Amino acid sequence: MITQKPLFSWIFRRYAGLQLLLLAIVLVMVFARVFPLEMQKRIVNVAIRFKDYHSLYLYCALYLGAVVLAGSLKYLINVLQHYIGHKILLEIRSRLYDHILHIPLPFFRRTPSGMVISSITSELSTIGDFLGGALAVPVVNLLTLIAFGGYMIHLNPLLALLSLAIYPVEIAIIPYLQNRFNRLNRERIDTTRTMSNHIGEVVGGMQEVHGNGSYTIENRKFARFARELFRLRYRMSLIKFGIKFVNNFFQSLGPFILFLVGGYLTIQGSFDLGALVAFLSAYEKLYDPWKELMDYYQALQDARVRYTRVMEYFHVEAEAREDRPDRSPARLRGDLEVSGLVYTVDKNVRLLDQVSLDLPSGGQLALVGFSGSGKSTLAMVLGRIYNYDAGQVLWDGRELKRMSKVDLVHNIGFVPQHPFIFNGTLMENLLYGCEALDTVALKETAWDGGGTAARENAPQSSRVPDRETVLNMILKVGLFDDVLRLGLNSTLSARRHPELLPRLVRIRQMFYHQWGEELEDLVEFFHSDRYLHYTDLGCNLTFGNANRHIYEPPHIAEQPLFQEFLTENGLMTPLVDFGKNLAQRTVTLLEDLRDDPFFFQKSPIPPEELDLYRELVEWTERNPLSPLGPVRRNRLLRLSLRFVAGEHKMVALPSELEKKILEARPLFREKMKRKDPEGFTFYRPTEYIGNETILDNILFGRLKLNRPGAVEKVQDLVVSLLGREDIMDEVMEIGLEFQVGSSGDRLSGGQKQKTALARALLKNPSILILDEATAGLDNASQARIGNLLENEYRGKCTLISVAHRLDTVRHFDAIAAMKAGKIMEMGSYEELLERKGIFYDLVHGS
Amino acid sequence: MTSFTDPDFQCGCRTGESSELDENLEILRQVPAFSGIPIEKLRVYAYLSRRICCREGAYLFHQGERDDRGYIIVSGKARLVRQYDDHTAFLETLKEGDFFGGLALLADIKRLFGARALTNLECLTLDRRSFQKLLMQFPELAIKVLDAMIRRIARMEEKLLSMRYDDSSISP
């Protein structure tokens with residue numbers, strides 16, 4: 001198991017070739033470092049002494065060469081080191097992650113996600129830096145040390161031994177300090193973990209924090225961790241700098257001994273001055289490798305502590321892997337026999353106790369009971385989400401515990417009550433289960449980019465269904481309308497669907513031709529000679545969509561070109577005045593209601609800008625005659641461009657201004673044609689509008705808000721037209737490309753459940769386990785799913801359904817009523833009612 | 001939707017010198033249930049209410065529907081219709097300034113009757129959520145508004161009950 005590998009085994013077993021190369025380079029570099037010392041000596045002793053220019057140039061050139069070589073080799077070593085280190089880290093990370101994915105579920109019930117995140121990301125990251133140099137750094141520096149030491153002994157053995165004598169003392173003191181440092185470091189890791197878990201939890205429960213206003217409580221809790229972390233960090237730095245101090249202190253003692261002994265010897269005449277100076281400079285060169293060795297020692301200790309801390313935590317037996325990935329998975333019939341099943345948590349709490357039941361292949365069983373009765377737990381154990389402790393669960397006579405995961409996932413479809421929807425498109429979520437089937441047997445982990453090999457090994461027949469099957473399934477589970485609506489309300493990327501644009505424009509024309517007149521009441525069409533009351537004033541002027549960021553609201557208000565246009569056409573002053581009026585009315589109306597954003601739904605000023613405009617209004621009231629200045633003027637202009645007549649009812653658009661806007665509309669188009677022809681896409685019946693939704697493009701207008709039932713009616717007409725023009729599938733496909741957001745947040749609860757159901761059914765499972773999978777659906781959708789299971793899956797697929805609402809289980813072959821982890825009674829709906837036992841109580845709500 | 005465009009019926013889309021909010025305020029002041037509210041607070045009611053238009057013959061809402069609005073007629077006429085198993089009863093004909101459907105502002109219940117436009121109709125409406133927000137924002141007015149509204153509803157119900165036994169307005 002990966003969690004038992006010692007840290008150094010990664011270094012010894014990986015990249016032997018590269019590491020040998022590294023070592024060879026190191027040796028050359030050490031030589032290149034010592035070489036200049038010898039040159040230095042020869043320059044003084046030979047070249048200068050004998051005034052030999054030729055040797056001076058030669059030695060200097062060699063000196064320079066050695067320095068350049070040493071520098072470049074050092075660079076190469078650093079690069080290689082990091083490459084090796086991070087390559088190993090990549091493998092450690094990926095394999096650890098893979099291991100974590102395979103740890104059985106109960107582990108994650110007690111493990112906060114913050115824990116896993118911080119382990120894999122921050123805790124492991126510094127190890128990479130260390131790993132690369134784990135071999136090279138000590139070798140380089142030891143060799144350098146020996147080389148300089150040897151050179152010193154070569155110069156004067158006595159002095160060399162004296163000055164080197166201090167190192168053993170250091171070696172005795174430093175590990176003692178380092179041990180204390182390690183202890184603190186372990187504590188720091190634990191505290192950081194608890195803190196990140198805590199932060200994760202608070203972010204997840206932010207709703208409660210805001211709802212209860214518990215800011216102070218949370219601040220206090222956090223401060224406890226933060227203070228503890230500070231204390232540890234502070235004590236760690238005391239020791240760290242203590243080690244530095246010891247190091248520096250002994251290092252400076254060296255010259256002291258040299259001066260004392262060397263000076264004495266020199267005065268006595270047994271050592272000459274030149275040699276003493278040379279000796280001192282050699283001694284100074286010792287400092288660098290020694291310091292690097294010390295740093296290495298500290299990094300080694302830190303990496304060890306982190307590594308073992310992380311690995312210890314995840315040292316949990318993972319699920320058994322498939323040993324024969326190439327065999328084809330078994331197809332189960334779905335015959336279930338359970339006897340004496342026991343599932344225990346916390347050593348002795350029996351969540352399931354002596355459960356026995358039989359269900360023939362294709363049968364339908366409902367599990368019912370009060371909450372806490374163990375019905376969900378039983379469903380999860382039968383799907384091996386949890387492993388049971390005693391008793392037997394036989395699927396087709398095979399013990400569930402010993403079945404391979406490959407067989408399981410190919411046969412069982414499981415839908416939990418709160419299904420998880422991943423960030424990505426709706427389609428990706430629907431196919432999640434099927435795509436997993438194609439890869440579940442593969443042993444490969446992706447760290448070495450081995451994806452291609454894996455794909456070759458993949459089974460020939462992919463289990464991923466085609467588009468038609470997916471659309472069919474969407475229809476069956478009742479997700480069709482949702483997907484269609486998502487599609488209609490998407491903006492179309494012209495680059496991805498260029499062929500659709502002209503078709504949609506044609507549909508727009510047919511739509512208008514057929515219903516335009518009739519819908520005049522419900523839809524405000526984009527007529528070029530009418531003022532649009534449900535579109536903002538800015539758009540009424542430009543009558544088009546900006547293709548450049550600078551023309552988009554609110555930036556367009558500041559655009560010199562646009563402002564010039566307004567001034568030319570006498571619009572600047574009326575628009576600014578209108579903005580002033582609008583600001584004043586809105587501020588008076590909403591000033592006291594700012595605490596509740598609800599009141600700002602029909603306001604052109606959002607709550608966060610209210611103060612800004614209030615100040616502006618107050619300023620204009622204080623200085624009615626002063627010029628506004630560009631900042632205030634632009635702010636008011638921005639506001640009036642935002643005005644939607646049908647929505648912002650605090651002021652009426654003066655008819656004079658409306659007339660001017662309509663007159664200016666064609667002039668703006670002309671001006672843009674001259675100055676920046678690509679700047680806008682103007683609204684034309686024949687032109688697709690890129691940044692509007694498909695629905696708005698078909699309408700070529702906006703829904704009026706003052707007609708009851710307008711939205712439904714218009715959408716129904718659009719859908720009927722899509723069907724007739726055979727473009728429904730394309731729109732559905734765009735709907736399937738909808739980005740569902742993090743944890744599927746952009747879908748409703750019902751949509752999530754339907755998605756999860758479709759995801760499970762698309763796998764075409766022989767066993768379907770539903771854990772209150774329709775609890776979030778409205779009655780009609782729930783009935784639809786009930787009919788689907790009854791009519792299409794009875795006899796084909798063994799169904800086990802945990803049910804909360806008892807009217808949904810009438811048709812089941814058998815109902816098991818549970819209490820305190822035991823099945824109390826089992827039989828058909830009528831049988832159980834007659835028995836007047838707990839099922840009767842459940843139905844009659846006592 | 002049976003009728004086609006009627007150029008005279010341009011409801012909702014206005015330009016001119018007086019704002020819709022001011023007009024709504026005037027209408028609300030004429031309605032007894034709201035007339036007791038001080039003008040600056042009534043202005044917020046006017047701000048949150050919305051105009052709804054309905055063509056002659058169409059239904060504003062049907063009996064049994066969950067509709068969450070109260071209505072005041074701005075222009076036109078409407079008739080309240082109650083459907084029984086075997087016959088239909090016309091309850092009341094409403095005209096400009098009449099307030100009806102207020103029960104929906106208080107609770108989420110099904111409509112006891114339907115409302116049909118006798119002519120082209122424009123109404124001022126307030127939805128339940130806005131109404132509740134207003135009650136919360138101006139709690140001192142709540143009792144006053146509720147009292148007036150409940151009186152109005154009680155009168156309607158009385159009428160409804162007496163209708164049941166009054167054959168004169170029953171059509172076969």
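Predicted model: local features only at pLDDT ≥ 70, side-chain atom pairs only at ≥ 80, totals over all residues.
The buried residues of helix α21 of chain A are covered by elements that include α20 (560-568), α22 (610-622), α23 (630-641) and α24 of chain A, together with α3 (39-48) of chain B. The predictor gives the complex an ipTM of 0.83 and a pTM of 0.71.

**Helix α21 of chain A**
- This helix runs over residues 572-590, which makes 19 residues.
- From its first C-alpha to its last, α21 reaches 27 Å, close to the 27 Å expected at 1.5 Å a residue.
- Its buried residues include Leu575(A), Val576(A), Phe578(A), Leu582(A) and Leu589(A).
- Lys580(A) and Arg585(A) are also among the buried residues of α21(A).

**Where the two chains meet**
- On chain A, 22 residues are in contact with 23 residues of chain B.
- Two helices of chain A, α18 (500-519) and α24 (655-675), each supply at least two residues of the side that touches chain B.
- That side of chain A has 9 nonpolar, 4 polar and 9 charged residues.

**Domains of chain A**
- Chain A is divided into domain 1 (2-313) and domain 2, which is made of two stretches, 336-422 and 749-843.
- The C-alpha centres of these two domains of chain A lie 58 Å apart.

**Confidence in chain B**
- Chain B averages a pLDDT of 80, and 84% of the residues score at least 70.
- Over residues 1-8 of chain B, pLDDT stays under 50, and the model has 10 contacts beyond four places in sequence for them.
- Residues 167-172 of chain B also stay under 50, with 8 such contacts.

Definitions and conventions: Residues numbered from 1 in each chain as written. Chains lettered and ligands numbered in written order. Contact = placed C-beta atoms within 7 Å. Helix = DSSP H or I, 4+ residues; strand = E, 2+ residues; numbered from the N terminus. Nonpolar A, V, L, I, M, F, W, Y, C, P; charged D, E, K, R; others polar. pLDDT = per-residue confidence, 0-100. Domains from an automatic or database assignment. Expected span 1.5 Å × (residues − 1). Buried ≥ 20, exposed ≤ 12 C-beta atoms within 10 Å, placed from the backbone.
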